[in-house]
Number of protein chains: 4
Amino acid sequence: MAPKRVGAWLIGAYGALATTVVVGAKAVARGLCDRTGLVTELAELRGLPLLPLDGLVFGGWDIRRFSVWKRAEELAARDAAIPSGLLPSLKADLRAIDREVRPGTAVNSGPAISVLADPTMQSASETLHDTVERLAGDLEAFRLRHRLDRVVVVNLASTEPPLKVGRKLRRLDDFLRLIRQDRRQEISPSVLYAYAALRGGFPYINFTPSVGASIPALHELALKHQVPFYGNDGKTGETLVKTVLAPLFCYRNLRVLSWKGYNILGGLDGMVLRDQRHKLLKVRSKERVLAGILGYRPYGGVSIEYVPSLGSWKTAWDFIHFEGFLGTRMSLQFIWQGCDAILAAPLVLDLIRLTEFAHRRGEAGPMTHLACFFKDPMGVKEHRFSHQWEILLQYVNQHRAALEAR
Amino acid sequence: MAPKRVGAWLIGAYGALATTVVVGAKAVARGLCDRTGLVTELAELRGLPLLPLDGLVFGGWDIRRFSVWKRAEELAARDAAIPSGLLPSLKADLRAIDREVRPGTAVNSGPAISVLADPTMQSASETLHDTVERLAGDLEAFRLRHRLDRVVVVNLASTEPPLKVGRKLRRLDDFLRLIRQDRRQEISPSVLYAYAALRGGFPYINFTPSVGASIPALHELALKHQVPFYGNDGKTGETLVKTVLAPLFCYRNLRVLSWKGYNILGGLDGMVLRDQRHKLLKVRSKERVLAGILGYRPYGGVSIEYVPSLGSWKTAWDFIHFEGFLGTRMSLQFIWQGCDAILAAPLVLDLIRLTEFAHRRGEAGPMTHLACFFKDPMGVKEHRFSHQWEILLQYVNQHRAALEAR
Amino acid sequence: MAPKRVGAWLIGAYGALATTVVVGAKAVARGLCDRTGLVTELAELRGLPLLPLDGLVFGGWDIRRFSVWKRAEELAARDAAIPSGLLPSLKADLRAIDREVRPGTAVNSGPAISVLADPTMQSASETLHDTVERLAGDLEAFRLRHRLDRVVVVNLASTEPPLKVGRKLRRLDDFLRLIRQDRRQEISPSVLYAYAALRGGFPYINFTPSVGASIPALHELALKHQVPFYGNDGKTGETLVKTVLAPLFCYRNLRVLSWKGYNILGGLDGMVLRDQRHKLLKVRSKERVLAGILGYRPYGGVSIEYVPSLGSWKTAWDFIHFEGFLGTRMSLQFIWQGCDAILAAPLVLDLIRLTEFAHRRGEAGPMTHLACFFKDPMGVKEHRFSHQWEILLQYVNQHRAALEAR
Amino acid sequence: MAPKRVGAWLIGAYGALATTVVVGAKAVARGLCDRTGLVTELAELRGLPLLPLDGLVFGGWDIRRFSVWKRAEELAARDAAIPSGLLPSLKADLRAIDREVRPGTAVNSGPAISVLADPTMQSASETLHDTVERLAGDLEAFRLRHRLDRVVVVNLASTEPPLKVGRKLRRLDDFLRLIRQDRRQEISPSVLYAYAALRGGFPYINFTPSVGASIPALHELALKHQVPFYGNDGKTGETLVKTVLAPLFCYRNLRVLSWKGYNILGGLDGMVLRDQRHKLLKVRSKERVLAGILGYRPYGGVSIEYVPSLGSWKTAWDFIHFEGFLGTRMSLQFIWQGCDAILAAPLVLDLIRLTEFAHRRGEAGPMTHLACFFKDPMGVKEHRFSHQWEILLQYVNQHRAALEAR
């Protein structure tokens, strides 16, 4: 039986993606739009007793003072990302969520993020220990305030620079010592958020390429508290197309000589990724998929550049140069023009529903059946989208069979 | 154990594709190029004891007086489709094949093909019965002349107009009556070739959208003579990409509003398809795949136009307009620049090898495990390329297991 | 000195383009948007004493019952063609214009237009003579009602099928006889509108490929009444790019082998052009420009297709195959994604201002200095956009010099 | 009257471009191909008594040991840049030119070039003075050996890093002092070559973005010796298209928000440009044109990346985001697929002919009438291609008139 009330706690709550998640959930719940884009509404997944979207209660963290409502207006007016007709009926809903947003943390978040943080939101003298307690308190208070059965925490914040994950992040007790010793340079916000979530027994989803829960210490913590988690980096646009197209070359024995991808995008994401240090993890997770599918690394790579006039929209041009029979060279190009927030938001709702289900069923640790949602799926080497989809279907079918057997 | 000598009888032997098939087989056999493009050389298929490429003996039918050697020179010099450095060492091989080409038939082949036919090659008074006997004789003589274990017939000729397949082509005895009565307007060359092949116990592959063996009467004949056959219309370029991309939209619950595809190509294929009547079957087989995968028919359609300057090359531009979450519209475009002969030739060799294997194993009727090679795979509703590939793998694995069990 | 009050009478007043013209004029006049897109606001044209945009009074004809205000809402909400934030402040303005729209005529307007016409708007028994008197009356009443110095009539209606312009349309008296004899099959609405305008002394601009004023009889009439006129077919998108790009190939002595252009568009324009008969004039005017610039006709042609999901937006893909030194073939492709109404509307305002100026200066007949605004500029063989621009500049400079000399 | 024998001395003689120049000149002279791509063969230029292509004698410098003949074979076989059928009849011609190539200099040529230089070709102890004398000697000996009326020196070598042009390169006597003092870090090969040429009275053309003759000291030298010179950086592909397209946005008052250009190319040019230091000048000359035409600098920039599989071919994708009426945003993209050597070679021949003509006519200093050939035309602010073309036509017409007047 699906639960009545479930919390969704969004990290980066005032961002374009979190706002679209909230607008979308409310619009669907109120019947203002259809369910296009939601994987969990496909016929193939209907067998699972997933929570209804109108049962979701939203809250979250942000490091800026802003407003979900104002962001929604921006996305509608400036970017044509959200239909403007939708907003008036959602004003009360969005305003209510604004009251559920708490200060996050920008400790060691990298140059392009820390510059965005409101300096009055976090005291400079707050130790890591204090931060963690504060964050954990936010989650627990949210749960109690709304009498929630469960809360799923989702990281939707901007990409952090890579974190050298040394020995200190391997074992849980070492990690705890690092917190106690207030070693701020060896940690990042995504890790602190993940820790606060898992420690409190709240499932954690990392939709970004930031480190999040992918360190062994937190894996250990999740299993200890019986909590499921997963990531990293939602697969929404250019990379999705790549993992759909690349198998073509394998199955036809065509040799990919070069695969060069150029992404241009605006918005805050684009602005943060302009910084070479923040771009690193993103590019890495985008580039890994090809070698994983082809079995070799074609010449090329992925480039991401900020073009402010694009707003929330992204254009990607990929040039694929390949060799066929008798050494003859041919090419395939594609141009992807999408709105990341619109592509990602329904997947975030899908992940919240599927994670809540897994948690309810007592599953813990990395949810590898969710690989198809991520560019860099934890513990899964399969990058072919079709095969990842089959993994999800298998999970669904097993559960459906078990439920029907009862 | 793989056989020593197998014949490959190509319909449209002087065409760009047949010539590339021959050049490729000989170049690979002589170690002049690697095996890129050959599906049967992939690790996944290595378990099957397929015939080696140097065991192939080529012959075929054509309705023009020309030469495989001259066509190869043309493809190298004018089109940069075949590397020019390859040809000198293959001259003797290609000249030898020229001597194995026999006159085909252009009876009711449609306006754009019949105009190409050399009028001196087939007597106007030849009845259908005579034609069939002549063609059957060509195959049998070829087999005897070269002491071949087996001969696979492959249709690589230009696309015929659609044939109204009435009741007369349903049952074998009706079909035979139609031949006896010399009803030339109710038949087409691809059907006559298929009949001649199957009657003689020779497997038949239809790489074109022409009717070929897809009428029930010939299905009956194939089973009677215990011969395998398959088709139609090799899946090499734009359609291949479509059947790879379309599932993306399904699995992400994105609604394809319009999918418009424009193909421009030169060469004889382009010239024949310029004729609206010949284009019909091609367009139909190209358009069917999307509805098959998406479950609905998006607005759009496929356009094919002749652009002589492109020679053997084809450029396709596809514009896919789709709707995501909250009704927001996005697009994906792709541009495919390929050489059809180069893409198709290795697949033709793969089909010959896999067909010979099936025949050797005593299999008869439509070889549905070969669906991944065709735009319009007989008796198979699955158009998703990844899934068609899994069907082939399953066949391979079953045979491998059976062979290992011995 | 610029005039105080000038009328702009738009044919197809409820269409997307006319609505955008009105919205734009009012938005600029009220300072709600800047002057991007208006050629007459360029520094190079500032010397001319053109009428200010806030001096324009709008009215027009349409064959449907609809509303400029409703169309504006549609364009904002459904198509994201007009910024939605703009409309509330313009509601009164647009509502006022709705009261100035009169029934047009759909006599012999072609199948795709006549089906749109409200049958109650024009009595079936109305003769051509009656129609012409009615239309002329509308113009005169509009002028008097608003005490206008001048009224410019602009054809923005959908494209009509070609009209066989026989001997009857050569001389004015023959034309008049044809009206008297009520020969409805030998005339079309664009011609009737043009006649009504010119006869009343109102300048006429044809922004469509329909026949309009391009028949010799109306040329004669314009000179007789001392009225300027011009057309045909506004140059806004793909064709504009073509007339900018094509000279490149001339000046570099590169031979264009093929130039294939595919246009997909939605909206009413797209729907009307779906009809082969209506498409004819459009395609003809789009195709003429290349031969005019290159001096030869490259293989190819222009294709226009209706894709409803695109709404007011158009995507064009052009593939240009060219030959360079040593016979080596290369290509240039472009993809144009524009909103025709947004591209055309400021040009319509430019044309109204420049036409009013010419009329005020006593100029009559075809205004060849406006060639740069049209795909098929009357009486001008120069299709190179840069050169057409120079023609306009020369006109501006002559007038400026004359004005300064006074 | 046109001269009988003129020398063309190519810097980077074994490169793909120099080789294509030579192959092309010889092929045209022998009637093996037509004159497509040669600007000087256009009707508009026919009035000038330019030297016939069969009067050209080729020689040059290179820093590698290689061969024009071998490079030609490579370009034909590997890259399909030169038609392979052309070469056999030119073997003797190309072999003869191999004997006319002398060692150049790689002093301070930048990391990516110096690594290519054969270390045995230039003694490490050779002073700048010695180098200059050696180079000057090569030119003079070439002239005498072939009894040439005139020799035009053309720089076709790879792009050098920028040279800080300090006070020392301003005045000629300072420059001479720098040579005497052997200050190798303050000079680059392109400057030494230019100096050797101009000092000997040989016109100099810089087809690359390297410094070459663009320093004031050499300008002074050219005037002193009455020699014409010009550059920099041949305009052949993406930039050519940009200078053709950009005026469209000006004349229609459309605001270019972003113009992002991505170039991918193989070959030696691509390899050298991979080095950030060498790329600098190229990118700078590519980026300057837009601001020059638009009057403002849109967001964006030019990116160049090495993709070895492309060989001599280049693909450029440009994304132009622009704002029209009412703030609505639209886009234009183009994809250029060209072979730089094929595009540039005829222009090099044009420049040699036009330079020889100017020299013969007694013209000296920068030949600003050649602006249309260059990305960064010395002393000319006009970047619009059409207007640059008119400048050339004006020059031609003046000379034609003068010649006819005689």
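Let's start with one pair of residues: B:W259 has B:I320 of strand 9 of chain B as its bridge partner. This is a predicted model, where local features need pLDDT of at least 70 and side-chain atom pairs count only at pLDDT 80 or more, while totals for chains, interfaces and linings use all residues. Residues are numbered from 1 along each chain as its sequence is written, chains are lettered from A and ligands numbered from 1 in the order in which they are written, and side-chain values use heavy atoms, with hydrogens and water left out.

Strand 9 of chain B covers residues 313-323. Helices (H or I, at least four residues) and strands (E, at least two) are DSSP runs, numbered from the N terminus. Of the 11 residues in strand 9 of chain B, 10 are buried. Here, buried means under 20% relative accessible area, exposed means over 50%, and partly exposed is in between (1.4 Å probe, protein chains only).

## Its two partners

Strand 9 of chain B pairs with strand 7 (residues 255-265) of chain B in the antiparallel sense, over 10 bridges. Two strands count as paired if DSSP finds at least two bridges between them. Strand 9 of chain B also pairs with strand 10 (residues 329-339) of chain B, again antiparallel, this time over 11 bridges.

## Charged pairs

Side chains of opposite charge can pair when their charged atoms come close. A salt bridge here is a side-chain nitrogen of Lys or Arg within 4 Å of a carboxyl oxygen of Asp or Glu. Over all chains, the structure holds 106 of them.

Take C:R35 and C:E41, whose closest N and O atoms are 3.0 Å apart in a salt bridge. C:R35 is partly exposed at 37% relative accessibility, whereas C:E41 is buried at 17%. C:D173 and C:R171 make another salt bridge, with 2.8 Å between the closest N and O atoms. C:D173 is partly exposed at 35%, and C:R171 is partly exposed at 46%.

Over in chain D, D:R35 and D:E41 meet in a salt bridge at 3.0 Å, N to O. D:R35 is partly exposed at 36%, while D:E41 counts as buried at 17%. There's a network too: salt bridges that share partners join A:D34, B:R255, B:E323 and B:R329.

## The nonpolar cores

A nonpolar core is a set of buried Ala, Val, Leu, Ile, Met, Phe, Trp, Tyr and Cys residues joined through side-chain atoms within 4.5 Å. The largest one has 281 residues, and C:F175 and D:F175 touch the most other members. Helix 12 (residues 340-360) of chain D gives the most to this core, with 13 residues. A second, separate core of 280 residues includes A:W9, A:F334, A:Y395 and B:V380.

Back to C:F175: leaving aside neighbours within four places in sequence, its contacts (heavy atoms within 4.5 Å) include C:K168, C:L169, C:I187 and C:Y195.

## A buried arginine

Finally, look at A:R353 in helix 12 (residues 340-360) of chain A. A:R353 is buried, with a relative accessible area of 6%. Not counting residues up to four places away in sequence, A:R353 touches A:T40, A:E41, A:L50, A:L51, A:P52 and A:L53.
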